[in-house]
Amino acid sequence: TIRITGWKNYSSFWKINLFDRCVRKKETFIKSIKVTDMYLSLNDNFREKLFSSADLPHAEIASLIGVSSSHTSRLINGRSLLRIEQIDKLLPFTSLSWSDVIKNSVYLRIGTKEIFAPIDENIVKFIISQKTNLKILDF
């Protein structure tokens, strides 16, 4: 029996297609992705563009992504990170795509501690597809 702990190990095993050989471990990995908060750090210019292109008042953005108005200010200023699900809710109100988001991401933070930098585009696409129910081909 192989026990997998830590997101860096999950990432390494995913890269070598280990989960294609064990359905149970793949299901465990996908379940972990769905229940864990994952955040993208966006570069400053892109983050500002994301919020300004939404062309929504502060209060509407807060309501849309499920945070307080004061927390929205921290998100816009970059003092807090956006969860992948929050970006997914905001994107339809902008002219931007997930490809733009991925290209302008500095790092991926999983939970409260683990940071992946630089961004591994394939893993980020897979994580986004699991958290948003988009197909990887939609990027």
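These are my notebook entries on a predicted model.

**Confidence**

I began with the confidence values. The protein has a mean pLDDT of 89, and 96% of its residues reach 70 or more. Confidence is lowest in α1, at a mean of 81. Strand β2 (residues 82-83) has the highest, at 97.

**Strands**

Next I traced the strand pairing. β1 (residues 38-42) and β3 (residues 105-110) run antiparallel, joined by five bridges. β3 also pairs with β4 (residues 114-116), again in the antiparallel sense, over three bridges. I followed one row of partners across. Leu-40 has Leu-108 as its bridge partner in β3. Leu-108 in turn has Phe-116 as its bridge partner in β4.

I checked the turn between β3 and β4. The hairpin has three residues between the strands, and Gly-111 there takes a positive phi near 65°.

Two charges over rings went into the notes here. Arg-109 lies over the face of Tyr-39, at 4.2 Å from the ring centre. The charged end of Lys-8 sits over the ring of Phe-116, 4.4 Å from its centre.

**Ser-11**

Is Ser-11 buried or exposed? Its relative accessibility is 8%, so Ser-11 counts as buried. Leaving out residues up to four places away in sequence, I found that Ser-11 touches Phe-116 and Ile-123.

**Aromatic pairs**

How many aromatic pairs does the structure hold? I found seven. One of them is Tyr-10 with Phe-19, a stacked pair at 6.1 Å centre to centre with 25° between the planes. Tyr-10 and Phe-19 are both buried.

Another is Phe-29 with Phe-126. Their ring centres are 6.0 Å apart and their planes are at 10°, so this pair is stacked. Phe-29 lies in helix α2 (residues 23-35) and Phe-126 in helix α8 (residues 121-132), so the pair ties together parts that are 97 residues apart in sequence. I checked burial for both rings. Phe-29 has a relative accessible area of 4% and is buried. Phe-126 is buried too, at 9%.

I then joined the ring pairs up. They link Trp-7, Tyr-10, Trp-14, Phe-19, Phe-29 and Phe-126 into a cluster.

**Helix α3**

I turned to α3 (residues 44-54) and listed its buried residues: Phe-46, Arg-47, Leu-50, Phe-51 and Ala-54. Why do they fall on the same side of α3? They cover an arc of only 130° around the axis, which puts them there. The face turned away from this buried side carries the exposed residues Asn-45 and Ser-52.

What covers the buried residues of α3? The cover includes β1, α4 (58-65), α5, β2, α6 (84-90) and α7 (98-103). I also looked just past the helix. Asp-55 follows α3 and has a positive phi, near 50°.

**Ser-80**

My last entry is a loop residue. Ser-80 has its place between α5 (69-77) and β2, in the loop. Ser-80 counts as buried, because its relative accessibility is 17% and the cut-off is under 20%. Not counting residues up to four places away in sequence, Ser-80 touches His-71, Arg-74 and Leu-75.

Terms used. Residues are numbered from 1 along each chain as its sequence is written. This is a predicted model: local features need pLDDT of at least 70, side-chain atom pairs count only at pLDDT 80 or more; totals for chains, interfaces and linings use all residues. Side-chain values use heavy atoms; hydrogens and water are left out. Buried means under 20% relative accessible area, exposed over 50%, partly exposed in between (1.4 Å probe, protein chains only). Contact means heavy atoms within 4.5 Å. Two strands pair if DSSP finds at least two bridges between them. Helices (H or I, at least four residues) and strands (E, at least two) are DSSP runs, numbered from the N terminus. pLDDT is the predictor's confidence in each residue, from 0 to 100. Rings of Phe, Tyr and Trp (its six-membered ring) pair if their centres lie within 6.5 Å; planes under 30 degrees apart count as stacked, over 60 as edge-to-face and the rest as tilted. A charge sits over a ring if NZ of Lys or CZ of Arg is within 6 Å of the ring centre and within 35 degrees of the ring normal. The arc is that of the directions from the helix axis to the C-beta atoms.
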